[in-house]
Amino acid sequence: MRKTLLAAALVATSFGAQASAPGGSGCGWGNMLFEGSNGMPMHLLATLVNGTSGNRTFGITSGTNGCDTSGALSYNGENMLAQAGVMEEVAQDMAMGDGEALTALSVSMGIPAEERAHFKKTMHENFNTIFPSEDVTAEEVMGNIQTVMNKDKQLASLS
Amino acid sequence: MKSINLALILVLASAPLWARATNEELAEHPRWKALLHINEGTTWRYQGRSYIDDPEFFLHESGATDARAELEASIEQLRPAESEARCDFPARYRFLSQQLDWPDDGALSHCSDYQEWREAMPEERVALIFPASYLNSPSSMFGHTLLRIDRGNDEDGVWLSRAINFGATVQGQENSILYIYRGLFGGYPGYFSNVPYMNKIRDYAHLENRDMWEYQLNLTQGEREWLLAHLWELEDIEFDYLFLDENCSFRLLELIHLARPDSTLMDDFRFAEVPANTVRSLDRAGFIESVDYRPSKANELDALVDRLSASEQDLALALARDASVAEEEAFQALAPRSRNLVARAAYAHLRLQNREGERSQEVAQRGLALLRVVNRTPTVPDIDPQRPVSPEKGHGTKMLAAGGGMLGDRGFGELQARFSYHDWLDNPEGYLNGAAIEAFNARIRRTEGDDLTLEQLDVVNIKSLAPRNRFRKPVSWFVNGGLDRRFIGSKRHLTRHVQGGPGLAWEMGPVIPYAYAMARAENNSAHDVLVSTAAGARAGVLWYAESFQLGLEAEGLYYHNDDRRYRPSATLNVPVGRNHALRARIERDGGPDRAETEFHLSWRYYFD
């Protein structure tokens with residue numbers, strides 16, 4: 001019996017003291033379980049307690065959670081680009097001429113489905129104008145997109 | 001004839017009375033029970049009452065335990081036209097007004113917040129999303145699930161869809177033991193959230209490098225309406241979050257069950273809700289219409305690298321380090337198609353390497369420069385990673401095995417039971433090669449002329465092989481804690497141990513060679529000290545052939561008291577269909593004093 005207890009103690013100490021999850025830095029809610037945490041203690045915990053789930057977000061009506069305060073349920077181009085990590089995806093799609101992020105941008109901008117191929121092609125051809133530097137903001141990118149669209153016969157009426 | 005007419009009139013006259021259910025019947029209605037989240041015996045806790053304690057969710061003070069009292073309070077408060085309660089409980093209103101034939105008195109038209117939200121929310125399609133395991137993180141094998149709600153125009157894609165997620169909230173630092181305790185027995189609050197699906201793509205596919213499986217469900221418009229209206233009712237409602245059963249996956253099952261209460265989803269008792277089993281349950285209950293695969297960024301890079309020659313790979317690496325390589329002769333001499341692939345691989349590699357941590361100005365600059373190179377070359381279409389077998393097609397997560405063999409000159413019979421999940425020689429379909437995660441894996445043995453003995457009990461056993469290549473240099477690792485029986489001196493003793501260590505692995509087609517350094521602490525009855533410590537190494541090779549898996553391994557340990565142990569082994573696993581396998585193993589176990597050879601043949605059956 002003592003040995004079994006010892007075994008339990010051995011196993012338990014290996015969890016270490018750092019089981020609490022890493023944080024969304026600056027987020028109001030301390031966050032969650034195993035998602036996004038890669039430390040070995042987390043793997044052990046996850047194995048034993050079925051490491052599912054976790055998120056650090058909250059609420060049904062909006063996306064607000066203290067990390068992302070945009071809270072939008074729908075997008076109009078610029079607020080989509082302002083989402084963390086989205087601009088890089090859009091930039092990559094524009095560089096290549098197509099992709100899901102670019103499609104989503106065109107939808108959020110209200111580009112009709114029949115104009116989308118032309119929109120994407122135009123964005124592809126004007127990649128350097130739209131992304132002039134790595135420090136460009138979402139607002140500037142949107143402004144550059146509008147400028148490019150205004151110069152295009154087909155797209156001018158949509159911008 | 002007259003009496004027949006009279007009977008007919010009576011029947012017709014009383015029909016509305018019959019059709020309208022009594023309060024007692026309504027309180028037992030499957031949809032009412034689903035609306036209140038009543039546990040009808042699906043999990044062990046809170047049977048016969050609501051899973052929810054939050055008083056905000058109930059209109060009657062004992063609503064959590066008394067479905068009929070809650071029904072009557074709901075009727076009373078939702079019945080008046082323009083009642084405020086309707087705006088908090090649109091799905092309940094829908095249920096009661098349908099069941100009780102309430103007149104059309106404007107219904108929910110006065111609920112402007114709700115109307116505005118419904119207007120903005122998509123509603124055309126519902127999918128279950130399963131972010132699968134990721135490399136070097138076997139615990140992610142359990143996965144996670146969320147719902148996605150789409151606008152439904154295929155050509156628009158799903159980036160603008162919404163993700164419905166159930167998760168626990170843990171605040172601040174927590175002691176690990178308390179954390180496990182509260183995770184298992186309650187104490188963490190869980191909430192539903194509604195976030196942009198693109199954020200989930202970023203979290204899983206881009207940051208964590210997990211493939212995502214997207215299961216389109218065949219919910220009808222009416223069924224989706226139930227789901228959405230009920231989601232609104234769950235805003236800011238606190239659930240308990242329990243890791244094992246009442247977790248993210250289980251709560252989604254509840255939502256789907258609410259949409260279609262006559263489904264068989266909640267019929268079986270669910271001891272532990274493993275997301276892969278959630279998908280299987282939905283599949284069995286006929287909910288899954290189609291399956292989409294969204295590869296992780298790492299798999300996208302691998303697909304690009306596969307198209308490159310060795311020299312092109314080197315060029316891509318050089319380009320990722322310095323974008324001006326694009327101006328050099330070696331790059332310019334490539335065909336346009338190759339230039340495109342090399343530049344894309346360079347960019348994907350840079351992104352992958354820098355996906356975490358603070359933004360670096362220099363990396364951002366290099367990234368944009370690489371995109372300009374990509375932009376100048378004609379895009380090669382359809383570089384899609386090969387789609388693996390989807391996780392719900394994998395073997396069952398629990399396992400029983402029966403077998404026998406010889407240890408030295410004595411025969412034995414053995415039974416094995418494993419609570420979860422996968423070892424790296426089990427049928428790899430639907431799982432990640434080179435990843436193993438086992439919890440509560442026990443073997444009991446009866447040797448000729450001996451009593452029944454415990455041969456092995458792994459409380460936890462995780463092994464991860466992350467192959468290294470030109471582009472990625474991950475460190476593999478393993479950790480294992482539990483009991484096993486080993487030769488110490490001339491006798492076999494049960495040891496209680498913890499062991500683990502870092503390692504390296506490579507991939508050569510279906511073959512994965514690997515090597516680990518390892519440390520072990522154990523308690524046994526042969527050594528004088530309470531805890532013996534040992535250092536050693538383990539090396540081997542895995543071969544994932546078409547119809548079998550083969551593992552060769554050798555392990556050597558050197559103890560603090562000069563004791564030595566070694567164990568070379570060979571294991572062959574031959575899957576027979578999805579849920580059976582034949583396994584043969586030969587190993588030699590022992591030390592300088594004594595060693596024996598063991599042959600072992602067993603039949604493995606996977607279930608659940």
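Chain B holds 17 helices and 20 strands, where helices (H or I, at least four residues) and strands (E, at least two) are DSSP runs numbered from the N terminus. This is a predicted model, in which local features need pLDDT of at least 70, side-chain atom pairs count only at pLDDT 80 or more, and totals for chains, interfaces and linings use all residues. Residues are numbered from 1 along each chain as its sequence is written, chains are lettered from A and ligands numbered from 1 in the order in which they are written, and side-chain values use heavy atoms, with hydrogens and water left out.

Let us begin with chain B as a whole. Of its 608 residues, 58% count as buried; buried means under 20% relative accessible area, exposed over 50%, and partly exposed in between (1.4 Å probe, protein chains only). Take the contacts in chain B between residues at least 6 apart in sequence: 64% of these join residues at least 24 apart. Contact here means heavy atoms within 4.5 Å.

Next come the cores. A nonpolar core is a set of buried Ala, Val, Leu, Ile, Met, Phe, Trp, Tyr and Cys residues joined through side-chain atoms within 4.5 Å. The largest one has 83 residues, and those with the most contacts inside it are Leu96(B), Leu147(B), Phe192(B), Leu217(B) and Leu282(B). Helix H11 (residues 248-259) of chain B gives the most to this core, with eight residues. A second, separate core of 77 residues includes Met80(A), Ala104(A), Leu317(B) and Leu371(B).

Two helix pairs are worth a visit. Two packed helices are described by the angle between their axes and the distance between the axes. Axes are lines fitted to C-alpha atoms, for helices over the stretch in contact, and angles run from 0 to 180 degrees between N-to-C directions.

| Helix pair | Angle | Axis distance |
|---|---|---|
| H11(B) and H12(B) (residues 275-284) | about 20° | 9 Å apart |
| H6(A) (residues 116-125) and H8(A) (residues 138-150) | roughly 110° | within 11 Å |

H11(B) is therefore roughly parallel to H12(B), while H6(A) is roughly perpendicular to H8(A); under 35 degrees counts as roughly parallel, over 145 as roughly antiparallel, 65 to 115 as roughly perpendicular and the rest as oblique.

Ala, Val, Leu, Ile, Met, Phe, Trp, Tyr, Cys and Pro count as nonpolar, Asp, Glu, Lys and Arg as charged, and the others, Gly among them, as polar. In the pair from chain A, Phe119(A), Thr122(A) and Met123(A) of H6(A) touch Ile145(A), Val148(A) and Met149(A) of H8(A), giving five nonpolar, one polar and no charged residues.

Finally, some backbone details. Most residues other than glycine have a negative phi, and most peptide bonds are trans. Glu82(B) has a positive phi, near 55°, and is found in the loop between helix H4 (67-78) and helix H5 (84-88) of chain B. At 59% relative accessibility, Glu82(B) counts as exposed. Asp562(B) also has a positive phi, near 75°; its place is the loop between strand E17 (549-559) and strand E18 (564-575) of chain B. Asp562(B) counts as partly exposed, at 47% relative accessibility. The peptide bond from Ser420(B) to Tyr421(B) is cis, with omega near 15°, and Tyr421(B) lies in strand E9 (residues 410-422) of chain B.
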